[in-house]
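Here is a short note for a colleague who has not looked at this structure before. The points follow below.

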Amino acid sequence: MKNREFKQIRLFRRISLITLVAVYLLILVGGIVRSSGSGMGCPDWPKCFGSWVPPTSKEQLPPDYKDIYSAKRDNKNKRFASYLTTLGFRETADKLLADKSILEEADFNKYKTWIEYINRLIGAIIGLLIIATFVASIPFFKSDKKITITSFSILLLVLFQGWIGSIVVSTNLLPWMITIHMFLALLIVALLIYVYHSISSKHIASDPHQKTYWLKLLLIGCMLTSLIQIAFGTQVRESVDHVASSLLYQSRETWIGELGVEFFVHRSFSWVVFLLHVILIYLFRKSQVKSKLVTYLIVILLVSLLSGVIMAYWAIPPTMQPVHLLVGTLGFGIQFLLFLRLNRNNAVLT
């Protein structure tokens, strides 16, 4: 390998890995934003209360700030509704426009404002890192187009994710928009893992004699069930938000009892996820495939279960919510990286 090519590979690996870590950090911070109720800490986007640096006291805002930002969000929602109508989702658009509760402005809270502002700052930094990742991928366009094309796709996705984030704010944290926002983040994570794996596996010999068909099949099952569980989790989170709001964020110990069937589905489905992972880990232990990622997956699985139990039986501690979200997404990332590494071996399908 030429020295220049080696430096290019090393640079791209570093940037893509840093970007991936930053995205996971943003997922954690996003969990903190939601668990602290800071999602509407800034009522506009991309600025915060019309400024690049948010206010620290209510006195810095105009007396009618609620009306001002409610009107701005209303205009943005009307544009978004027109897009939905054009795409054939007229009923959804009508519901969006008919729901006047999403235009209600929260009282100014400097702590929530700055939590949300920090979340946006990290998002902006990630945007710059994504640009750097794409630029660093350009030298590989001739030798491995998929790295450059995927890096460019990530850049486009991040821009789209930023727009979706603005819609999340304008619709006052509309539940299904938050779910879309979450799964777009997972898609970005998967693509970043893909380019990192692709560049890391260059010039490394594969082992075509490893028989990993069942491992790959089970990994696909684990990834699918993990995604389903994350989707269930977003539904539970929406229910928690609704219950918390109805109880004025008091009597936290009663929230679990007020949740609907989605909580019990989420809790029960965790056993499916757990059993599939137990089988997967057992097969890995029995196979010739050795990877530290399996150990990491075990740790992630245990932390995920423990954090879920703590939330269910200890009144949903705010500190556990972002942890539970983070380990869930980390688990998916490790599963996907394991799959890529197994798939790279071109294993005999037996």
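1. Contacts along the chain. Counting contacts between residues at least 6 apart in sequence, 79% join residues at least 24 apart. Please keep in mind throughout that this is a predicted model.

2. Secondary structure. The protein chain has eleven helices and zero strands. Read from the N terminus on, the order of elements is therefore α-α-α-α-α-α-α-α-α-α-α.

3. Overall dimensions. The radius of gyration of the protein chain is 22 Å; a compact globule with 350 residues would have a value near 20 Å, so the two agree. Taken along the principal axes, the C-alpha atoms fill a box of roughly 70 × 50 × 40 Å.

4. Surface and burial. The protein chain has an accessible surface of about 18700 Å², and carbon and sulfur atoms account for 67% of that surface. Of the 350 residues, 46% are buried.

5. The main core. Which residues have the most contacts inside the largest nonpolar core? They are Ile 193, Leu 280, Phe 284 and Leu 338, in a core of 70 residues. Helix α6, which covers residues 175-200, gives the most to this core, with twelve residues.

6. Surroundings of Phe 284. Phe 284 is one of the residues with the most contacts inside the largest core. With its neighbours within four places in sequence left aside, Phe 284 is in contact with Leu 215, Leu 219, Val 289, Val 294, Leu 338 and Leu 342.

7. The disulfide. How many disulfides does the structure hold? There is one, and it joins Cys 42 to Cys 48, with an S to S distance of 2.0 Å. The link of Cys 42 and Cys 48 is left-handed, with -80° about the S-S bond.

8. Burial of cysteines. Are Cys 42 and Cys 48 buried or exposed? Cys 42 has a relative accessible area of 0% and is therefore buried. Cys 48 is buried too, because its relative accessible area is 1%, under the 20% cut-off. Cys 222 also counts as buried, at 0% relative accessibility.

Terms used: Residues are numbered from 1 along each chain as its sequence is written. This is a predicted model: local features need pLDDT of at least 70, side-chain atom pairs count only at pLDDT 80 or more; totals for chains, interfaces and linings use all residues. Side-chain values use heavy atoms; hydrogens and water are left out. A disulfide is a pair of cysteine sulfur atoms within 2.5 Å. Buried means under 20% relative accessible area, exposed over 50%, partly exposed in between (1.4 Å probe, protein chains only). A nonpolar core is a set of buried Ala, Val, Leu, Ile, Met, Phe, Trp, Tyr and Cys residues joined through side-chain atoms within 4.5 Å. Helices (H or I, at least four residues) and strands (E, at least two) are DSSP runs, numbered from the N terminus. Contact means heavy atoms within 4.5 Å. The radius of gyration is taken over C-alpha atoms; the globule rule is 2.2 Å times the number of residues to the power 0.38. Accessible areas come from the Shrake-Rupley method with a 1.4 Å probe; for residues, only the protein chains shown count as cover.
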